[in-house]
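Please look over the following notes on a structure that may be new to you. They are set out as numbered points.

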Amino acid sequence: MTYNVDEKGYYGEYGGAYIPEMLYPNVEELRQQYIAITSEKEFQEEFQELLREYVGRPTPLYFAKRFSEKYGTKIYLKREDLCHTGAHKVNNTIGQILLAKRLGKHRIIAETGAGQHGVATATVCALMGLECIVYMGEIDIKRQAPNVARMKMLGATVVPATSGSKTLKDATNEAIRDWINNPIDTHYIIGSVVGPHPYPDMVARFQSVISEEIKNQLQEKEGRSSPDYVVACVGGGSNAAGAYYHYLDNPDVGIIAVEAAGKGVDSGESAATSVLGKMGIIHGSKTLLMQTNDGQITEPYSISAGLDYPGVGPMHAHLYTSGRGEFISVTDDDAMEAGLELSKLEGIIPAIETSHALAIFKERKFKKDDVVVINLSGRGDKDLNTYIEYFNL
Ligand SMILES: *Cc1c(COP(=O)(O)O)cnc(C)c1O
């Protein structure tokens, strides 16, 4: 029994590659090559060197003393907020750009909602001197002006998606259309553990550096490589997949996934996919998905842009359904309070996505000697305006 992907690209009954025929050659090329290429010694050396010299890894595993005292348990923070560009997303974009180069691709496309994945993609394209086109909903372009400016400074072309609701889903459709039209020279960098196989597994492997480091760092600090619990927020699920990866099949480690309840799970304005979702297909993957009775995707809502997604990756759908993972949903209000609390107790202003994971201690009790690792997925600089408005700062 494993909670990792099987050879057909499934996690239990979730996953697979449900794609239009015209996309098949692109996805099949990736599927056939991703393991062989990323296992090469030279690939690994270049990947590890960039993670070290460019991203700034290993990120610290910090014992949060005052936060721990407050909640009566031992809390460690895995500091992905200290990665270059301010979040974990760059671990994946570095991996994928190295893969794209080895596949002979010289044009990179990506979709972005809030712009965080767009910035991480534009960053690695600048680093490698590759052309970068980022599809972004017209409404998101207006809402996320600073990230649009960053992408432009980094040399990317930002293309507005003007169809449908003019947000992430429509940007994704445009990116897929582009890929169908440019199968030879273009690689599509997906930003989370979503999409058709092999994307969820490929992204999880690139992000697995997080739990690899946690193992070594905990061994040094606690004399054991596994914590009692590992906690992460889940949008699509990539920072969570990276934090859980080396513990998935270790039953001694509790896995806690935190979703955005928005204004409340029953409010109609929520992104708590595990509770509200049913099995369906989104972006080429069979997974849990928020949908109407007719199977139309429901608009999700969360105060945090990175958690505002109507599905979860297939790994997480399986963790939920199998009971391996404990899923908790946290409202906007509780997340905002937790973000402010960490700032005051530890001098660390977290991304609002991460604040959701930090909020679980109000309800979920742990034993005094429990070692709880929280993946601090990103820093709060990008969210300053939201914090300012919310708290009247
Ligand atoms: C994008 C983002 C997330 C959500 O994405 P996952 O794929 O679920 O990790 C969480 N935290 C931060 C800081 C992000 O930028």
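1. In which sense do strand 4 and strand 14 (residues 371–376) pair, and over how many bridges? Strand 4 and strand 14 pair in the parallel sense, over six bridges. Here two strands pair if DSSP finds at least two bridges between them. Helices (H or I, at least four residues) and strands (E, at least two) are DSSP runs, numbered from the N terminus. Within this pairing, tyrosine 76 has valine 373 of strand 14 as its bridge partner.

2. A word on the source. This is a predicted model, in which local features need pLDDT of at least 70 and side-chain atom pairs count only at pLDDT 80 or more, while totals for chains, interfaces and linings use all residues. Residues are numbered from 1 along each chain as its sequence is written, and side-chain values use heavy atoms, with hydrogens and water left out.

3. Strand 4 (residues 74–79) also pairs with strand 3 (residues 61–63), in the antiparallel sense and over three bridges. Tyrosine 62 stands opposite leucine 77 of strand 4. Strand 4 is mostly covered, with five of its six residues buried (buried means under 20% relative accessible area, exposed over 50%, partly exposed in between, with a 1.4 Å probe and protein chains only).

4. Helix 1 (residues 24–39) packs with helix 9 (residues 199–207) at an angle of about 15 degrees, and their axes are 10 Å apart. Axes are lines fitted to C-alpha atoms, for helices over the stretch in contact, and angles run from 0 to 180 degrees between N-to-C directions. That angle makes helix 1 roughly parallel to helix 9 (angles under 35 degrees count as roughly parallel, over 145 as roughly antiparallel, 65 to 115 as roughly perpendicular and the rest as oblique).

5. Helix 1 contributes Leu30, Tyr34, Ile35 and Thr38 to this contact, and helix 9 contributes Tyr199, Asp201, Met202, Arg205 and Phe206. Contact means heavy atoms within 4.5 Å.

6. Threonine 121 lies in helix 5 (residues 116–128). Its relative accessibility is 0%, so threonine 121 counts as buried. Leaving aside residues up to four places away in sequence, threonine 121 touches Thr93, Ile108, Ala110, Cys132 and Ile189.

7. Histidine 356 is in helix 15 (residues 352–358). Histidine 356 is buried, at a relative accessible area of 0%. Not counting residues up to four places away in sequence, the residues that histidine 356 touches include Val258, Glu259, Ser302, Leu307 and Thr331.
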